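Please open the model in a viewer and follow the stops below in order. Each stop names a selection and then describes what is found there.

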Amino acid sequence: MTLNLENEKRSENTMSKSYRLFTFTGGNEGVWEIIRTVTVIGDHWPPAERLAVRADEGRVAEGSANSVWELRGITSNERYTNRPEKDTLRQRQEGLGRPSSTLAALIPIRKKMTWWTMTQDERRAVFEEQSKHIGIGLTYLPAIARRLHHCRDLSEREPFDFLTWFEFAPESETAFDRMLEELRRSPEWDYVDWEIDIRLRRV
Ligand code: HEM
């Protein structure tokens, strides 16, 4: 009986944890060394030495003592992906944390107000029919693993709308850069007014 209860507790602890809220702290702590911080468009973003990524349970965490900056984002339901795209993504993509993925990129993005005043179907038309965001992205799977975090609905103080996170092996870095070039040339990126490209190496 005692054993059963313990087993139940353990499975609760290990299986039911599905984190949605993530905090990215740039400072001097964390397993990711920041190799470079590049402002693609918009205001300068301060460089830091290390990045710590923390999964928080449902509440916004307090800032760390030695942080240079702190960004928060939450995973959410998909807005644009249709059924065939979702199925293909599920088949092709691999999860984060692969031992071979020693490189990563954190790319915070803000979109212009005109994007947010468009309707859902207008945004989808730019995102996929015109820009082929998913079409382009799919060709880089499973080499690149990803997680999209939304910031807009978290609080009014969040500087970016999205925190995009990617992990890959060193041999896929050139492909990753090529994908970025393709996406940044697309009509969707006409709506991006702040983008910082932070590159990382796991230490
Ligand atoms: C690895 C290849 C990639 C794939 C497979 C991919 C796939 C997707 C998908 C399916 C969505 C839509 C989610 C939804 O339905 O709400 C999405 C959204 C998004 N992706 Fe990508 N993506 C990739 C690469 C990238 C890159 C390199 C960036 C940034 C530089 C990026 C930035 C974004 C942003 C900002 C959104 C949110 C768009 C919005 O809601 O306005 N993605 N991506």
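How many salt bridges does a search of the whole structure find? In this predicted model, the search finds 16.

**Stop one: the iron site.** Select the iron atom of the ligand and His133; NE2 of this histidine, at 2.1 Å, is the only protein donor. Histidine 133 lies in helix 5, which covers residues 133–138.

**Stop two: helix 4.** Next, select helix 4 itself (residues 120–130), in which Arg123, Arg124, Val126, Phe127 and Glu128 are buried. These residues are on the same side of helix 4, because they cover an arc of only 160° around the axis. Their cover includes helix 2 (83–92), helix 3 (113–117) and helix 5.

**Stop three: from helix 4 to helix 2.** Display the side chains of arginine 124 and glutamate 85, which form a salt bridge with the closest N and O atoms 2.9 Å apart. This pair connects helix 4 with helix 2 across 39 residues, and both partners are buried.

Select arginine 79 and aspartate 153, whose side chains meet in a salt bridge at 3.8 Å, N to O. The two are 74 residues apart: arginine 79 is in the loop between strand 4 (69–74) and helix 2, and aspartate 153 in the loop between strand 6 (145–150) and strand 7 (162–168). Arginine 79 is partly exposed, at 33% relative accessible area, whereas aspartate 153 is exposed, at 65%.

Definitions and conventions. Residues are numbered from 1 along each chain as its sequence is written. This is a predicted model: local features need pLDDT of at least 70, side-chain atom pairs count only at pLDDT 80 or more; totals for chains, interfaces and linings use all residues. Side-chain values use heavy atoms; hydrogens and water are left out. Donors are N, O and S atoms within 2.8 Å of the metal (3.2 Å for Na, K and Ca); water is not among the atoms, so sites may look incomplete. Helices (H or I, at least four residues) and strands (E, at least two) are DSSP runs, numbered from the N terminus. Buried means under 20% relative accessible area, exposed over 50%, partly exposed in between (1.4 Å probe, protein chains only). The arc is that of the directions from the helix axis to the C-beta atoms. Contact means heavy atoms within 4.5 Å. A salt bridge is a side-chain nitrogen of Lys or Arg within 4 Å of a carboxyl oxygen of Asp or Glu.
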